[in-house]
Amino acid sequence: MYSISVSSELTTTGSFCKPSISLHRFSFPFLRYPFANIPKRSPVTAIYARKRDPRSQPVLKTSIVEDVSMDDGEDDEEEQLLFDDSKDDASIEEHDYVKDEYVEAETEVGDGAGGGGIESSPSTILSPHSLHGTERITEAINKPSSTMSTTGQVIRCKAAVAWEAGKPLVIEEVEVAPPQRNEVRVKILYTSLCHTDVYFWEAKGQNPRFPRILGHEAGGIVESVGEGVTDLQPGDHVFPIFTGECKECPHCKSEESNMCDLLRINTDRGSMINDGKSRFSINGQPIHHFLGTSTFSEYTVVHVGQVAKINPAAPLDKVCVLSCGISTGFGATVNVAKPKKGHSVAIFGLGAVGLAAAEGARFSGASRIIGVDLNAGRFEEAKKFGVTEFVNPKDHDKPVQQVIADMTNGGVDRSVECTGSIQAMISAFECVHDGWGVAVLVGVPSRDDSFKTSPVNFLNERTLKGTFFGNYKPRTDIPKVVEQYMNKELELGKLEMFITHSVPFSEINKAFEYMLSGQGLRCIIRMEH
């Protein structure tokens, strides 16, 4: 009689190690089940298939111990069998029977590349009567909530800390406290750099708040949840979002607004709203949060109202950019500016947000999409997103709003400003046609900026609007946007075109270099768990 011990270890790095089976002879009574009843794509096969996927669950060690009838008369020497990842089955056809005895599952979250691992908990023996056969094993493997060894504990992990304005981020070991009431602790798998991160890292025109962990555009997996969290559980794939949705305030209940009273964007807050304390620290020193997300950390704590649960089949290394910039630009056009088929649209700023806004204009059926940018090198790339004409303000000796008005017989039907420049905001408003023109402001201005224009522009029936996050409600709408991407219902099926660079977490400062030099749109930062 033999016991089969199957072990496999999952990581989020995409590396792959073949699970192994060791057979050890024992002597005790057992029940017999035909091996033929075990599906060809066994639970272990499912484990290593998921291991190849860098979007896999947190590190999972699993031991599946079963009894096998071996009436072969062989001696007691140990036999070793290896799974072949090119096949669906283990090479164990000679073994006739199997008995489910128990499942021993042990999990630990990330002994990542930075040494940010934690202690694993004692093994948990799952009752053999609670589930049946291979279904029991599969369910045991896919239940991180019952085996997470880090729940309620402080996690030590790596984070990129901004200690001073404009200085390179420093990879530090930080302590991340457990989530409190209505909070979620998320294991970040992929994050990307948004211009807003750079803006507050430079601290130009904003309140400097350091040391701080920046980052707000990311995808990850729920590690644990705090008291009162009922709609999320460990293992869920999620986006942390820089603005929230409590679902209870008048704004959240309104179909016209996404400006949650409790969780709307607050760039100055550096702590959790539950108790005013930070969940990050280094040797006892609190580290400030950023926008309630702080995704430049292997683990982060976020209010549940700022967490959007998404389809686990969605590729996090791509869809993570939907958690801020791309949704912001696309939504600003589709949900707020609302151009009609045949309209003309001007897009100010041709970075990732601006190109997403242009994509929204094309999706809406705009006939002319005029891109405005000081970088002439961006026009060729912008054509891929529907931009038909290009204006560089530096090429003209009159205001760009006048240039656009001359090009369009009085002004464009819609404009979307995506730079944060106060002058670009004024130009975007003044370039729309009187009587029906609508301008939408998306960029974040400096704290002390003032918008100045003649009141006559309003009297002439031009409309000025602003938006955060493209008027999307984070928890209600963003999962639907992901589904639309997955179903190829949106032009955002070209999402990969926005991603121009990718770097490991240890090289996060390269992402800043790319953005500051104007070399790319979005740089994906791969966490190194």
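Residues are numbered from 1 along each chain as its sequence is written, and side-chain values use heavy atoms, without hydrogens and water. Because the model is predicted, local features need pLDDT of at least 70 and side-chain atom pairs count only at pLDDT 80 or more, whereas totals for chains, interfaces and linings use all residues.

The structure contains 11 aromatic pairs (rings of Phe, Tyr and Trp, the last by its six-membered ring, with centres within 6.5 Å; planes under 30 degrees apart count as stacked, over 60 as edge-to-face and the rest as tilted). In one of them, the ring centres of Y199 and F200 lie 5.7 Å apart with planes at 90°, so this pair is edge-to-face. Y199 and F200 are both buried (under 20% relative accessible area, with a 1.4 Å probe and protein chains only). Ring pairs join Y199, F200 and F290 into a cluster.

A tilted pair is formed by F385 and F498, with 4.7 Å between centres and 50° between planes. F385 lies in the loop between α8 (379-383) and β19 (389-391), and F498 in the loop between α12 (474-486) and β23 (499-504), 113 residues apart. Helices (H or I, at least four residues) and strands (E, at least two) are DSSP runs, numbered from the N terminus. Both F385 and F498 are buried.

Helix α6 comprises 13 residues, 325-337. Of these 13 residues, 11 are buried, so α6 is largely enclosed by the rest of the structure. Among the buried residues are G325, F330 and A337. The residue following α6 is K338, with a positive phi near 50°.

Notes:
Buried means under 20% relative accessible area, exposed over 50%, partly exposed in between (1.4 Å probe, protein chains only). The expected span of a helix is 1.5 Å times one less than its number of residues.
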